[in-house]
Amino acid sequence: MSKRVTDTTKKDRSRLKIILILSLFIIAWAGLWSRAFFVQVLQGEELARMADRQYFSREKITGKRGEIFDRNGVVLAQSVRVKSIYADPLRVEDSARAAFELAKVLDVDSGRLRQLLDRQSRFVWVQRKISDRRAQSIAEKKIPGIYIIDEHTRVYPRGHMLGQIMGFVGVDNEGLEGLEKSLEETLAGAEMLVALQRDASGHRMTLMPQDVSSEVAGRDVVLTIDAELQFAAEKALSRAVENYNARHGVSLVVHVPTGDILAWANYPFFNPNNFRGSHSSIWRNRGAVDALEPGSTLKPFLIAAALEEGIVDHDTIYFCENGRWRLGRNNIRDVRDHGWLTINRIIRYSSNICSAKIGLDLGPGKYFEYLDRLGFAETTGLPLPGETRGILRPPNVWSRMDLATISFGQGLSGTPLQLARAYLTLANDGRFTDLNILMNESRVQNEGHQVFSPRVSRQVMEMLREVVEMDGTGTRAAISGIEVGGKTGTAQKASESGGYGDKYVASFVGFIPALDPEYLVLIIVDEPAPQHYGGVVAAPVFAQIGNSIMASGSGFRLRSYHAQNVPNLTEISVSDNGRFSVTQRRNTSMLGNEMPDLRGVSLREAMESLLRAGVVPVLKGKGVLVKDHAPGPGENWQGDNVQVVLRLSES
């Protein structure tokens with residue numbers, strides 16, 4: 001009996017233990033489920049966000065900015081990889097020590113760094129775009145919460161070359177001036193959010209399967225600029241501005257058939273690598289934003305309009321009043337005392353009085369129409385920020401004196417770009433031709449409306465040849481060995497107190513060669529002193545740039561302007577740079593199969609003989625006489641692959 005009671009008691013205790021253990025298990029299990037419910041459901045979203053912030057990050061990656069090249073592949077602007085330092089303040093263990101260590105390397109105030117590192121933030125910039133040496137020093141210190149990432153910085157390998165046109169970018173690689181700003185959508189890389197995971201030590205581990213930087217990189221840009229000619233234009237322009245104590249200067253070199261801008265110089269120079277150290281006035285791209293009175297460089301368009309309208313012809317003569325003419329209450333003066341002059345001599349000697357008389361005969365409405373069709377009332381449309389339209393008032397408000405002064409280039413204003421485009425139109429047989437600076441936007445000559453007839457354009461081009469090659473105002477623009485043409489300008493500047501003061505703008509616009517131009521060169525020098533005439537200040541710059549063009553190894557070849565009068569010509573293709581084709585004509589049969597003896601002959605005489613045969617020689621050395629040449633005297637020089645080289649000497 002007692003044994004059964006004992007067994008029953010044991011069974012009851014065992015059952016009680018099982019129930020107790022089961023109850024404890026159920027309670028524990030319920031507690032775990034309750035905690036899981038609390039963590040997963042009630043606090044789930046907040047904890048997930050905390051974990052995401054701790055172990056994951058999303059960084060915005062900006063693709064590498066596109067590079068800028070000249071037409072021959074010379075790099076003008078490129079982006080290079082640099083290091084930047086940032087911090088995760090919540091991971092910085094000792095902000096005071098971290099600030100002290102960083103300040104020693106970065107050479108900055110530790111107090112400012114301490115304030116950055118004490119912020120309640122997950123990301124702050126410490127310093128951007130530092131040297132590799134400093135980045136390495138910081139990496140070696142292994143400061144918790146301090147990280148190094150790669151960025152890109154903009155570099156201009158050619159320094160100040162094309163500085164105002166190129167512009168510059170800010171610290172975030174965003175274009176702020178020049179082409180960098182106007183071509184931002186093309187050059188700028190796209191942005192992409194990249195998910196990153198960090199290990200227990202805070203090191204980054206990307207979740208992207210491969211490097212995506214190439215997918216978001218900006219596109220490259222190729223300019224029509226030729227770096228070799230750009231260097232020559234900048235050198236010649238800077239010499240003139242400095243020699244004549246001028247404020248600044250602008251020079252353009254344009255390929256006539258295509259309108260491609262081959263060189264665009266601004267002086268004083270601006271180096272975009274150090275834009276923070278330059279005043280904003282130096283950034284100014286004066287060729288596009290400064291509107292100046294063109295002065296006598298406008299006279300060829302007046303003559304062309306008068307010829308086109310039948311107001312004058314080549315033999316028409318005007319009386320130039322012996323240098324002084326009173327119109328109403330105003331006096332108009334010429335530099336020289338001229339009497340009767342034909343139209344070509346009016347251009348050659350640049351008579352203001354006779355130009356005013358022609359303008360009065362032409363009338364304001366017709367003259368305005370031609371100036372408007374030449375583009376003096378509209379921008380060129382080049383991708384440059386801030387380009388101005390100049391000032392061309394409607395003809396209904398012109399007085400007789402306004403018409404007279406506008407006839408010799410005062411009373412209106414235009415940019416150097418507008419003036420170059422007008423001359424480009426004249427050079428292309430009177431057909432309006434746009435300027436280009438981007439290779440993929442180069443246009444052909446036949447586009448645009450006809451402003452002047454080809455006949456009138458050629459007449460005016462012949463007059464411009466006389467300005468340089470005869471006894472005109474531009475004789476200092478002459479280039480040995482080839483005929484050139486152009487027009488001088490000396491514009492009196494308006495005074496701040498009203499009227500005109502004692503300061504001038506000297507200019508020259510010309511063509512190489514004169515009658516079948518391949519190149520247009522424009523030079524403007526602002527406020528030269530003590531000399532201020534365009535024929536003295538600007539014309540020699542044209543000659544210097546022209547000589548550089550002829551001796552250039554850039555791949556361009558002059559077309560023989562004599563070739564149009566030579567029978568039985570055979571066209572051959574001349575390799576340039578793959579961008580456009582320039583035609584050269586050869587007809588060596590005019591001088592026989594054997595190379596003539598040109599030793600001891602003047603360079604001009606030798607060039608004229610060779611050009612008449614359709615041969616453009618290569619010049620070696622400096623001087624005015626031919627010392628030797630290849631092929632030698634009597635040697636066979638027939639064949640398209642034969643190159644004539646003239647070696648020069650001073651005597």
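**Exercise 1. Strand 3 and its neighbours**

Task: In the hairpin of strand 2 and strand 3, which residue takes a positive phi?

Solution. 
- Step 1. Look between the two strands of the hairpin, where there are 5 residues. Gly 73 takes a positive phi near 90°. Keep in mind that this is a predicted model.
- Step 2. Check the pairing. Ile 68 has Ala 77 in strand 3 as its bridge partner.
- Step 3. Move on to strand 5 (residues 146-155). Strand 3 pairs with strand 5 over 10 bridges, again in the antiparallel sense. Here Ser 84 has Ile 149 as its bridge partner.
- Step 4. Lys 83 stands opposite Ile 130 of strand 4.

**Exercise 2. The faces of strand 14**

Task: Which side chains of strand 14 point to the buried face, and which point to the other? Where does the charged end of Lys 357 sit?

Solution. 
- Step 1. Follow strand 14 (residues 324-327). Its side chains alternate. Trp 325 and Leu 327 point to one face and are buried.
- Step 2. The charged end of Lys 357 sits over its ring, 5.2 Å from the ring centre.
- Step 3. Find the partner strand. Strand 14 and strand 15 run antiparallel and are joined by 4 bridges. Leu 327 has Asn 330 in strand 15 as its bridge partner.
- Step 4. Inspect the turn. The hairpin has 2 residues between the strands, and Gly 328 takes a positive phi near 65°.

**Exercise 3. Aromatic pairs**

Task: How many aromatic pairs does a search of the whole structure find? Describe two of them, Phe 168 with Phe 270 and Tyr 367 with Trp 398.

Solution. 
- Step 1. Start with the total. The search finds 11 aromatic pairs.
- Step 2. Take Phe 168 and Phe 270. Their centres are 6.0 Å apart, with 65° between the planes. An angle over 60 degrees counts as edge-to-face, and this pair is edge-to-face.
- Step 3. Locate the two residues. Phe 168 is in strand 6, while Phe 270 is in the loop between strand 12 and helix 10, so the pair ties together parts 102 residues apart in sequence. Both Phe 168 and Phe 270 are buried.
- Step 4. Tyr 367 is in helix 15 and Trp 398 in the loop between helix 15 and helix 16, so the pair ties together parts 31 residues apart in sequence.
- Step 5. Check burial. The cut-off is under 20% relative accessible area. Tyr 367 is buried because its value is 0%. Trp 398 is buried at 9%.
- Step 6. Look for a cluster. Ring pairs link Phe 301, Phe 376, Tyr 423 and Phe 511 into one.

**Exercise 4. The second largest pocket**

Task: What lines the second largest pocket, and which element gives the largest share?

Solution. 
- Step 1. Give the volume: about 960 Å³.
- Step 2. Count the lining. There are 35 residues, and among those nearest the centre are Arg 333, Asn 352 and Tyr 533.
- Step 3. Assign elements. Strand 17 gives the largest share, 5 residues.
- Step 4. Sort by class. The lining has 9 nonpolar, 21 polar and 5 charged residues.

Technical notes:
Residues numbered from 1 in each chain as written. Predicted model: local features only at pLDDT ≥ 70, side-chain atom pairs only at ≥ 80, totals over all residues. Heavy atoms only, no water. 1 Å grid on protein atoms, 1.4 Å probe; cavity = no way out; pocket = protein on both sides within 12 Å on 5 of 7 lines; lining within 4 Å. Points joined across faces, edges and corners; volume = space filled by probe spheres on them. Nonpolar A, V, L, I, M, F, W, Y, C, P; charged D, E, K, R; others polar. Phe/Tyr/Trp six-rings, centres within 6.5 Å; stacked < 30°, edge-to-face > 60°. Buried < 20%, exposed > 50% of the residue type's maximum accessible area, 1.4 Å probe, protein only. Lys NZ or Arg CZ within 6 Å of the ring centre and 35° of its normal. Pairing = 2+ DSSP bridges.
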